[in-house]
Amino acid sequence: MATKQRRSGGREGTTVNLPGVTAEFHQPDHYIPTRDDLAGAVNTVRSRLPSGRSMVFYGGLGALAVFDVLAWPVAAAIGVGTALAQQSAAEGGPGSAGGRRSPAQPS
């Protein structure tokens, strides 16, 4: 005999009474993301991806390594160096002016 009951917390459950055994089944607590949640996740991922031009550069560098035009350690060093240089330039770190001093900097 199965009976439906509403438990504390608003979750619906079903109890099955069999000879010698009683089983209780409860609806699982699942969070279903909304459209806004998904849009926020997509925007976060997009903000972390390199630009299309950078993706082409890194893809070409990877292809050169795959086809043995460049050794993979050389391609990795070029890729890491380029990424670090771009990050430094974006943050306005030292060396972002190409090693040249601007007129405002004292010598």
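Buried means under 20% relative accessible area, exposed over 50%, and partly exposed in between (1.4 Å probe, protein chains only). With that definition I looked up the burial of the chain: buried residues make up 7% of its 107 residues.

**Basis.** I worked on a predicted model, in which local features need pLDDT of at least 70, side-chain atom pairs count only at pLDDT 80 or more, and totals for chains, interfaces and linings use all residues. Residues are numbered from 1 along each chain as its sequence is written, and side-chain values use heavy atoms, with hydrogens and water left out.

**Elements.** I took helices (H or I, at least four residues) and strands (E, at least two) as DSSP runs numbered from the N terminus. The chain has 3 helices and 3 strands, and their order from the N terminus is β-β-β-α-α-α. I then looked up contacts, meaning heavy atoms within 4.5 Å. Of the contacts with a separation of 6 or more, 9% join residues 24 or more positions apart.

**Annotated segment.** In UniProt, an unreviewed entry annotates residues 56-78 as "transmembrane region"; UniProt positions are given in the numbering used here, feature names are shortened, and annotations may be inferred rather than shown by experiment. I found residues 56-78 to be 78% helix and 0% strand, with the end C-alpha atoms 14 Å apart.

**Helix pair.** I next examined α2 (residues 52-66) and α3 (residues 72-91), whose axes come within 8 Å and cross at roughly 165°. Axes are lines fitted to C-alpha atoms, for helices over the stretch in contact, and angles run from 0 to 180 degrees between N-to-C directions. The two helices are therefore roughly antiparallel, a term for angles over 145 degrees. On the α2 side I noted Ser54, Phe57, Tyr58, Leu61 and Ala65, which meet Trp72, Ala75, Ile78, Gly79, Thr82, Ala83 and Gln86 of α3. By class, this contact has 8 nonpolar, 4 polar and no charged residues; Ala, Val, Leu, Ile, Met, Phe, Trp, Tyr, Cys and Pro count as nonpolar, Asp, Glu, Lys and Arg as charged, and the others, Gly among them, as polar.

**Gly79.** I located Gly79 in helix α3, and its 12% relative accessibility makes it buried. Leaving aside neighbours within four places in sequence, Gly79 is in contact with Tyr58 and Leu61.

**Asp68.** I found Asp68 in the loop between α2 and α3. Phi of Asp68 is near 60°, a positive value in a residue other than glycine. At 66% relative accessibility, Asp68 counts as exposed.

Methods. Parallel < 35°, antiparallel > 145°, perpendicular 65-115°, else oblique.
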